[in-house]
Amino acid sequence: MAISPRKKTELRILTPIGMLGYGFSKDLFWAAIEEGVDAIILDSGSTDSGPAKLALGNTTVVREGYERDLAILVAACHSHRVPILIGSAGGDGADAHVDLFVEIIADIIAKNSYRTLNVISIYSEIPKDVVHKKLEDNAISPCGRAVPQLLPHDVDTATRIVGQMGLEPYLKAIADYPDFDIIIGGRAYDPAPYAAFCLYHGFTDLGIAYHMGKLMECGALCATPKAREALAIVRHDSFDIVPLDPNSRCTVTSVAAHALYEKTRPDILHGPGGALLLASATYEQLPDDRTVRIRGAKFEPEEHGKYTVKLEGARPSGYHSIFLGGIRDPILIAQLDDYITRVTAAVKEQIQFSYDLRFINYGVNGVMGNLDQFLSLDQMPREIGICGHARANTQAEADYVVNLARIYCTHSPYPHQLATAGNFAMPFSPCQVSMGQVSEFCIYHVMQIADPIELFPIKMDMLEGAGLKSSIESMTFAIKNSVQG
Amino acid sequence: VQKPIIPSASTQTKTVIEKKAVNGTETDGVYNECNSSSAKKYFLTPVPAEGTSYLGDQASVLRSKNAGPYEITFDIMFADDETYLKVKNCGVLTQSTVARLYNIDEDDVIACLFWDPARAFKATIKRHAVSGSYGETDTHGSQQHAPFLYLVLPIPRL
């Protein structure tokens with residue numbers, strides 16, 4: 001793989017925020033740009049806010065949020081020729097969200113009459129026939145033991161399947177188009193664009209590159225108090241990380257603790273093509289008392305031919321409706337379980353089609369459900385909040401179930417009742433809400449692949465002031481024949 | 001090793017509504033101030049038995065969060081080596097304790113370890129509903145930590 005012809009002794013990488021679209025300080029951003037940075041790199045992805053993005057095509061942030069953040073980034077790219085690398089466009093990295101980001105960038109360039117920018121798209125949706133074939137070949141396994149085995153039905157019912165690319169597609173994109181300005185990646189391992197940029201510039205220690213990426217992909221979340229804008233300075237034997245916000249600092253503990261965040265375990269972090277081992281990492285507080293220098297993490301590659309990517313997929317699973325309200329009557333609260341059981345049975349008596357109905361009882365165990373062992377009748381809450389939640393095959397059916405449940409919740413009799421006018425305080429009118437489609441994750445598995453690049457097509461667009469002018473190369477499934485830039 | 005005690009619900013923390021003077025200033029008292037003569041302030045009530053404290057008394061960070069859509073992970077950190085080592089060495093934080101706190105099988109405790117570089121304990125458990133699917137109560141998994149707060153340790157309050 002080609003590497004940059006210009007040798008640098010260190011790389012300065014700016015991450016203005018851990019999630020594109022969440023907003024950041026313009027002043028801190030421009031101050032860093034003026035001081036000089038080699039790249040702006042941001043992650044945009046997360047499975048954290050649930051399956052709706054993958055199943056229904058939503059984005060993590062509304063379009064206006066992406067427009068606001070990208071306008072600042074593209075301005076710096078235009079004026080200071082700083083390359084931008086983005087991962088996991090839109091949150092899920094769907095192909096349509098890669099295109100959305102490119103479209104937003106094209107609009108920004110057109111509106112501001114910026115110079116022509118070379119914008120690369122890397123797609124990450126994996127065709128279902130590829131996944132079916134891999135499943136038949138026993139090349140797919142659950143990502144962690146909480147995940148069930150993948151079934152062909154899961155593949156068929158997923159709205160889309162994305163593969164979490166490693167650094168290789170980014171590295172190929174940079175090497176093929178070294179005069180690129182912006183890369184918009186589909187679903188990517190969060191540190192992948194960081195590691196690819198390091199590798200291209202000859203900083204080949206993957207322990208350092210990935211560890212830096214692991215910290216930087218969250219911006220200055222590893223600082224205390226947690227902050228947004230972060231700068232990393234990468235050298236051949238170490239890297240430094242510092243928050244740009246003067247009220248925040250990185251400490252040895254705050255940086256080491258970041259390895260815990262949203263990870264199954266802090267010492268072994270699995271990713272595409274191998275694992276980052278942090279047990280050997282060392283952290284040194286620099287004299288400014290807000291920068292930490294980090295060394296020593298090891299990257300252990302998978303044995304040859306065992307390269308894996310994580311697949312993610314989700315599907316719609318019916319329609320849902322809710323109602324919300326509360327109970328203050330202590331006589332009713334004391335017998336809530338029985339009351340809910342009777343309401344549930346009364347609804348069932350009236351409905352022939354299949355549906356689900358549950359009551360989330362805030363004040364009892366609405367937050368933790370069965371994980372909560374602190375339930376006890378000797379501590380009766382003063383009031384209870386109830387969310388009735390129905391799911392059925394159509395919105396009309398879900399509305400019907402929730403409507404009946406609300407009516408019975410409001411008007412059913414109960415033993416020792418004094419308050420005979422109504423049982424349920426509703427803060428809103430209308431009293432129920434149609435919620436649209438429910439969704440659920442159905443694919444969270446690792447798939448062995450022979451070539452870390454072939455499933456992730458790359459294309460480059462030259463975006464001029466008037467918008468999308470030409471596409472050097474149209475998207476193809478296999479990019480092996482792609483024109484070398 | 002002393003077995004961890006989960007206090008019954010009736011002895012759980014109670015919100016104190018009245019205003020309380022702390023160091024001469026009025027604050028919204030949302031906790032019972034204990035041991036106010038000491039520099040160390042304790043927020044969790046009731047006062048634990050003599051010679052014991054809550055994990056929430058000892059920790060500087062105690063949180064839960066998704067680790068991917070199928071797992072919830074708990075991060076418990078300590079402000080200094082002394083506290084960290086006391087908690088680590090008292091032997092209460094084990095896989096079986098985690099299983100008991102959340103009423104789950106030990107097999108569903110996916111990771112359970114101390115992490116010296118961050119003075120931290122970490123445990124990861126299987127989610128009862130996959131994040132965001134029907135049956136979910138906490139999509140981010142960020143409010144599942146409370147049982148750890150009240151885990152009783154054989155370490156006296158200062």
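These questions and answers explain some of the terms applied to a predicted model.

Q: What makes up chain A, and what are its dimensions?
A: Chain A contains 13 helices and 20 strands. Its C-alpha trace spans about 85 × 50 × 50 Å along the principal axes. Of the 485 residues in chain A, 58% are buried.

Q: How many of the contacts in chain A join residues at least 24 apart in sequence?
A: The count takes contacts between residues at least 6 apart, and 78% of these join residues at least 24 apart.

Q: Why is helix H1 of chain A called roughly parallel to helix H3 of chain A?
A: The axes of H1(A), residues 26–35, and H3(A), residues 63–80, cross at roughly 20 degrees and come within 11 Å. Angles under 35 degrees count as roughly parallel, so H1(A) is roughly parallel to H3(A). The crossing of H1(A) past H3(A) is right-handed.

Q: Which residues of H1(A) and H3(A) meet?
A: From H1(A) come Lys26(A), Phe29(A), Trp30(A), Ile33(A) and Glu34(A). From H3(A) come Ile72(A), Leu73(A), Ala75(A), Ala76(A), Ser79(A) and His80(A). By class, this contact has 7 nonpolar, 2 polar and 2 charged residues.

Q: What residues make the contact of H12(A) with H13(A), and how do they divide by class?
A: H12(A) supplies Tyr339(A), Val343(A), Ala346(A), Val347(A) and Gln350(A). On the H13(A) side are Tyr400(A), Val401(A), Leu404(A), Ala405(A), Tyr408(A), Cys409(A), Thr410(A) and His411(A). The contact has 10 nonpolar, 3 polar and no charged residues.

Q: How do you know that the span of helix H4 of chain A is close to the expected value?
A: H4(A), residues 95–112, has 18 residues. From its first C-alpha to its last it reaches 26 Å, and the span expected at 1.5 Å a residue is 26 Å. After H4(A) comes Ser113(A), which has a positive phi near 50 degrees.

Q: Which residues of H4(A) are buried?
A: The buried residues of H4(A) are Asp95(A), His97(A), Val98(A), Leu100(A), Phe101(A), Val102(A), Ile104(A), Ile105(A), Ala106(A), Ile108(A) and Ile109(A). Each of these has a relative accessible area under 20%.

Q: Why is Ser238(A) called buried?
A: Its relative accessible area is 2%, and buried means under 20%, so Ser238(A) is buried. Ser238(A) lies in the loop between strands S8 (230–234) and S9 (239–243) of chain A. Not counting residues up to four places away in sequence, Ser238(A) touches Ile208(A), Ile233(A), Arg293(A), Ile294(A) and Arg295(A).

Q: What makes Ser49(A) partly exposed?
A: The relative accessibility of Ser49(A) is 41%. Buried would be under 20% and exposed over 50%, so Ser49(A) counts as partly exposed. Ser49(A) sits in the loop between strand S2 (39–43) and helix H2 (52–56) of chain A. Apart from its neighbours within four places in sequence, Ser49(A) is in contact with Thr139(B) and His140(B).

Q: Why is Met380(A) called partly exposed?
A: Met380(A) has a relative accessible area of 41%. Met380(A) is in the loop between strands S16 (355–362) and S17 (384–392) of chain A. Neighbours within four places in sequence aside, Met380(A) is in contact with Pro330(A), Ile333(A) and Ala334(A).

Q: How far apart are Met380(A) and Gly363(A) in sequence and in space?
A: Met380(A) and Gly363(A) are 17 residues apart in sequence and 8.9 Å apart from C-alpha to C-alpha.

Q: What is the pattern of helices and strands in chain B?
A: Chain B has 4 helices and 8 strands. Along the sequence they follow the pattern β-β-β-α-β-β-α-α-β-β-α-β. Of the 158 residues in chain B, 51% are buried.

Technical notes: Residues numbered from 1 in each chain as written. Chains lettered and ligands numbered in written order. Predicted model: local features only at pLDDT ≥ 70, side-chain atom pairs only at ≥ 80, totals over all residues. Heavy atoms only, no water. Axes fitted to C-alpha atoms, helices over the stretch in contact; angles between N-to-C directions. Helix = DSSP H or I, 4+ residues; strand = E, 2+ residues; numbered from the N terminus. Parallel < 35°, antiparallel > 145°, perpendicular 65-115°, else oblique. Left-handed = near helix turned anticlockwise from the far one by under 90°. Contact = heavy atoms within 4.5 Å. Nonpolar A, V, L, I, M, F, W, Y, C, P; charged D, E, K, R; others polar. Expected span 1.5 Å × (residues − 1). Buried < 20%, exposed > 50% of the residue type's maximum accessible area, 1.4 Å probe, protein only.
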